[in-house]
Amino acid sequence: MSDLGNKEIMAKNIQRYMDSRGVSRKKLAADLNISYTTLTDWIKGNTYPRIDKIEMMANYFHISKADLVEKPHKENKAAEVIAAHIDDDTPEAERQQIINFIENLKKARK
């Protein structure tokens, strides 16, 4: 069965990106101009955001929409941990490049 449209996966992914970026619900709701209650419903898995809201969150976190709607890959978690230990002033685009580089190295070993 497809993970697309799974409220629980979406909820976990939103929370994971908020945690990794140190963004509170209040800040994310304000930054995206959505209600705190709506965001909380997404994070609790009560409701699923519309595609335009998924795109807004993806742009906000500098990730793809797939990163929000799909189950994360195991290799990705290790890469994200490494990227999270880079200097705070490292731009998000560079962090993503590092994650992609690490994932490609892992694939090459297989």
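Q: Where in the chain is E70 found?
A: E70 lies in the loop between α5 and α6 (74-84). Helices (H or I, at least four residues) and strands (E, at least two) are DSSP runs, numbered from the N terminus.

Q: What kind of model is this?
A: This is a predicted model, in which local features need pLDDT of at least 70 and side-chain atom pairs count only at pLDDT 80 or more, while totals for chains, interfaces and linings use all residues. Residues are numbered from 1 along each chain as its sequence is written, and side-chain values use heavy atoms, with hydrogens and water left out.

Q: Back to E70: what is its relative accessibility?
A: The value for E70 is 34%, so E70 counts as partly exposed. Buried means under 20% relative accessible area, exposed over 50%, and partly exposed in between (1.4 Å probe, protein chains only).

Q: How far is E70 from N6?
A: The C-alpha atoms of E70 and N6 are separated by 8.2 Å, although the two residues are 64 residues apart along the chain.

Q: Which residues does N13 touch?
A: N13 touches E70, together with D67, L68, V69 and P72, leaving aside residues up to four places away in sequence. Contact means heavy atoms within 4.5 Å. N13 belongs to helix α1 and counts as buried because its relative accessibility is 1%.

Q: Changing topic, how many helices and strands are there?
A: The chain has seven helices and zero strands. Its pattern along the sequence is therefore written α-α-α-α-α-α-α. Of its 110 residues, 32% count as buried.

Q: And the largest nonpolar core, how many residues has it?
A: The largest nonpolar core has 19 residues, and those with the most contacts inside it are I14, L28, L39 and L68. At least two residues of this core come from each of α1 (7-21), α2 (25-32), α3 (36-43), α4 (51-61) and α5 (65-69). Such a core is a set of buried Ala, Val, Leu, Ile, Met, Phe, Trp, Tyr and Cys residues joined through side-chain atoms within 4.5 Å.

Q: What does L28 touch?
A: Not counting residues up to four places away in sequence, L28 touches I14, M18, V23, L39, Y60 and F61.

Q: At what angle do α1 and α3 pack?
A: The angle between α1 and α3 is about 115°, and their axes are 7 Å apart. The two helices are therefore roughly perpendicular to each other (65 to 115 degrees; under 35 is roughly parallel, over 145 roughly antiparallel, the rest oblique). Axes are lines fitted to C-alpha atoms, for helices over the stretch in contact, and angles run from 0 to 180 degrees between N-to-C directions.

Q: Which residues meet there?
A: From α1, A11, I14, Q15 and M18 meet L39, W42 and I43 of α3.

Q: Where is H62, and what does it touch?
A: H62 is in the loop between α4 and α5. H62 touches E92 and Q96, with residues up to four places away in sequence not counted. With a relative accessible area of 52%, H62 is exposed.

Q: How far apart are H62 and P91?
A: H62 and P91 are 10.0 Å apart in space, C-alpha to C-alpha, and 29 residues apart in sequence.
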